[in-house]
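Work through these exercises with the sequence and the model side by side. Try each task before reading its solution.

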Amino acid sequence: MKLYVQLMILFVISLIGEGISSFFHLPIPGSIIGLIILFLALQFKWLRTRHVNMVGNFLLANMTILFLPPAVGIMEKFDVIAPYLLPIVLIVFFAAVINIILIALVVQFIKRRFEGDYEKGDAK
(Lines give C-alpha, C1' and ligand atoms only; values in the text may rest on other atoms or scores of the structure.)
Protein backbone atom coordinates (compact mmCIF):
# COMPACT_ATOMS: atom_id res chain seq x y z
CA MET A 1 0.00 0.00 0.00
CA LYS A 2 2.88 2.35 0.80
CA LEU A 3 4.24 2.00 -2.74
CA TYR A 4 0.88 2.95 -4.23
CA VAL A 5 0.66 6.08 -2.11
CA GLN A 6 4.20 7.12 -3.07
CA LEU A 7 3.48 6.42 -6.73
CA MET A 8 0.27 8.45 -6.54
CA ILE A 9 2.19 11.37 -5.01
CA LEU A 10 4.56 11.34 -7.99
CA PHE A 11 1.68 10.96 -10.45
CA VAL A 12 -0.26 13.85 -8.91
CA ILE A 13 2.80 16.11 -9.04
CA SER A 14 3.37 15.09 -12.65
CA LEU A 15 -0.29 15.73 -13.46
CA ILE A 16 -0.08 19.19 -11.89
CA GLY A 17 2.99 19.92 -14.04
CA GLU A 18 1.15 18.75 -17.18
CA GLY A 19 -1.84 20.87 -16.22
CA ILE A 20 0.27 23.99 -15.73
CA SER A 21 2.04 23.41 -19.05
CA SER A 22 -1.25 22.90 -20.92
CA PHE A 23 -3.19 25.69 -19.21
CA PHE A 24 -0.55 28.37 -19.77
CA HIS A 25 0.55 26.98 -23.18
CA LEU A 26 4.17 26.87 -22.04
CA PRO A 27 6.95 25.59 -24.31
CA ILE A 28 8.28 23.59 -21.34
CA PRO A 29 7.07 19.98 -21.06
CA GLY A 30 4.76 19.25 -18.15
CA SER A 31 7.06 16.51 -16.90
CA ILE A 32 9.85 19.07 -16.42
CA ILE A 33 7.49 21.39 -14.56
CA GLY A 34 6.47 18.42 -12.42
CA LEU A 35 10.12 17.74 -11.62
CA ILE A 36 10.59 21.37 -10.62
CA ILE A 37 7.50 21.18 -8.40
CA LEU A 38 8.80 17.96 -6.80
CA PHE A 39 12.19 19.59 -6.23
CA LEU A 40 10.61 22.65 -4.62
CA ALA A 41 8.33 20.49 -2.46
CA LEU A 42 11.32 18.52 -1.20
CA GLN A 43 13.46 21.64 -0.79
CA PHE A 44 10.87 23.54 1.25
CA LYS A 45 10.04 20.39 3.23
CA TRP A 46 6.40 20.34 2.08
CA LEU A 47 7.19 16.76 1.13
CA ARG A 48 9.68 14.54 2.90
CA THR A 49 12.08 12.23 1.12
CA ARG A 50 10.55 9.24 2.89
CA HIS A 51 7.24 10.01 1.15
CA VAL A 52 8.71 9.13 -2.26
CA ASN A 53 11.86 7.18 -1.35
CA MET A 54 10.82 3.61 -2.19
CA VAL A 55 9.21 4.45 -5.54
CA GLY A 56 12.07 6.80 -6.44
CA ASN A 57 14.65 4.08 -5.77
CA PHE A 58 12.62 1.60 -7.82
CA LEU A 59 12.35 4.01 -10.75
CA LEU A 60 16.07 4.78 -10.61
CA ALA A 61 16.97 1.08 -10.49
CA ASN A 62 14.80 0.39 -13.55
CA MET A 63 15.60 3.53 -15.51
CA THR A 64 16.80 1.63 -18.58
CA ILE A 65 13.29 0.25 -19.09
CA LEU A 66 11.97 3.81 -19.17
CA PHE A 67 14.29 4.69 -22.08
CA LEU A 68 13.04 1.88 -24.32
CA PRO A 69 9.90 3.60 -25.69
CA PRO A 70 11.77 6.76 -26.79
CA ALA A 71 14.53 4.63 -28.35
CA VAL A 72 11.95 2.59 -30.26
CA GLY A 73 10.26 5.82 -31.37
CA ILE A 74 13.57 7.14 -32.68
CA MET A 75 14.23 3.92 -34.60
CA GLU A 76 10.69 3.97 -35.98
CA LYS A 77 11.14 7.51 -37.32
CA PHE A 78 14.77 7.05 -38.39
CA ASP A 79 13.95 7.97 -42.00
CA VAL A 80 12.88 11.42 -40.78
CA ILE A 81 15.97 11.81 -38.58
CA ALA A 82 18.54 10.41 -41.05
CA PRO A 83 19.10 13.65 -43.05
CA TYR A 84 19.87 15.47 -39.80
CA LEU A 85 22.06 12.76 -38.28
CA LEU A 86 25.39 14.57 -38.74
CA PRO A 87 24.19 17.85 -37.16
CA ILE A 88 22.63 15.89 -34.28
CA VAL A 89 25.85 13.95 -33.65
CA LEU A 90 27.93 17.14 -33.81
CA ILE A 91 25.62 18.98 -31.43
CA VAL A 92 25.66 16.10 -28.94
CA PHE A 93 29.46 15.79 -29.18
CA PHE A 94 30.17 19.50 -28.72
CA ALA A 95 27.55 19.79 -25.97
CA ALA A 96 29.30 16.95 -24.11
CA VAL A 97 32.71 18.61 -24.54
CA ILE A 98 31.35 21.97 -23.34
CA ASN A 99 29.70 20.22 -20.40
CA ILE A 100 32.93 18.50 -19.37
CA ILE A 101 34.92 21.73 -19.63
CA LEU A 102 32.32 23.69 -17.68
CA ILE A 103 32.12 21.06 -14.95
CA ALA A 104 35.92 21.04 -14.67
CA LEU A 105 36.00 24.83 -14.30
CA VAL A 106 33.24 24.82 -11.68
CA VAL A 107 34.93 22.05 -9.68
CA GLN A 108 38.25 23.88 -9.88
CA PHE A 109 36.62 27.12 -8.71
CA ILE A 110 34.85 25.40 -5.80
CA LYS A 111 38.01 23.56 -4.79
CA ARG A 112 40.07 26.74 -4.73
CA ARG A 113 37.35 28.86 -3.12
CA PHE A 114 36.25 26.52 -0.37
CA GLU A 115 39.04 23.97 0.10
CA GLY A 116 42.18 25.91 -0.73
CA ASP A 117 44.93 24.98 -3.14
CA TYR A 118 46.95 21.97 -2.04
CA GLU A 119 50.63 21.68 -2.78
CA LYS A 120 51.76 18.46 -4.40
CA GLY A 121 54.19 16.38 -2.37
CA ASP A 122 53.31 17.94 0.98
CA ALA A 123 51.24 14.96 2.13
CA LYS A 124 52.69 13.71 5.38
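Predicted model: local features only at pLDDT ≥ 70, side-chain atom pairs only at ≥ 80, totals over all residues.

**Exercise 1: Two packed helices**

Task: describe how α1 and α3 pack.

Solution. 
- Step 1. Locate the helices: α1 covers residues 2–23 and α3 covers residues 53–61. Helices (H or I, at least four residues) are DSSP runs, numbered from the N terminus.
- Step 2. Read the geometry. The angle is about 75° and the axes lie 8 Å apart. Axes are lines fitted to C-alpha atoms over the stretch in contact, and angles run from 0 to 180 degrees between N-to-C directions.
- Step 3. Classify. α1 and α3 are therefore roughly perpendicular, a label for angles of 65 to 115 degrees.
- Step 4. List the contact residues (heavy atoms within 4.5 Å). α1 gives Lys2, Leu3, Gln6, Leu7 and Leu10; α3 gives Asn53, Met54, Val55 and Leu59.

**Exercise 2: Annotated spans**

Task: which residues does UniProt list for "transmembrane region"?

Solution. 
- Step 1. The unreviewed UniProt entry lists residues 30–47, 54–72 and 84–110. Such annotations may be inferred rather than shown by experiment.
- Step 2. Check residues 30–47: 78% helix, 0% strand, end C-alpha atoms 20 Å apart. Strands (E) are DSSP runs of at least two residues.
- Step 3. Check residues 84–110: 96% helix, 0% strand, end C-alpha atoms 38 Å apart.

**Exercise 3: Accessibility**

Task: is Ser21 buried or exposed? Then place Val97 and Ile74.

Solution. 
- Step 1. Set the cut-offs: buried means under 20% relative accessible area, exposed over 50%, partly exposed in between (1.4 Å probe, protein chains only).
- Step 2. Ser21 sits in α1. Its relative accessibility is 11%, so Ser21 is buried. Beyond neighbours within four places in sequence, Ser21 contacts Leu26, Ile28, Pro29, Gly30 and Ile33.
- Step 3. Val97 belongs to α7 (residues 85–115). At 31%, Val97 is partly exposed.
- Step 4. Ile74 lies in α5 (residues 68–76). At 45%, Ile74 is partly exposed.

Definitions and conventions
Residues numbered from 1 in each chain as written. Heavy atoms only, no water. Parallel < 35°, antiparallel > 145°, perpendicular 65-115°, else oblique.
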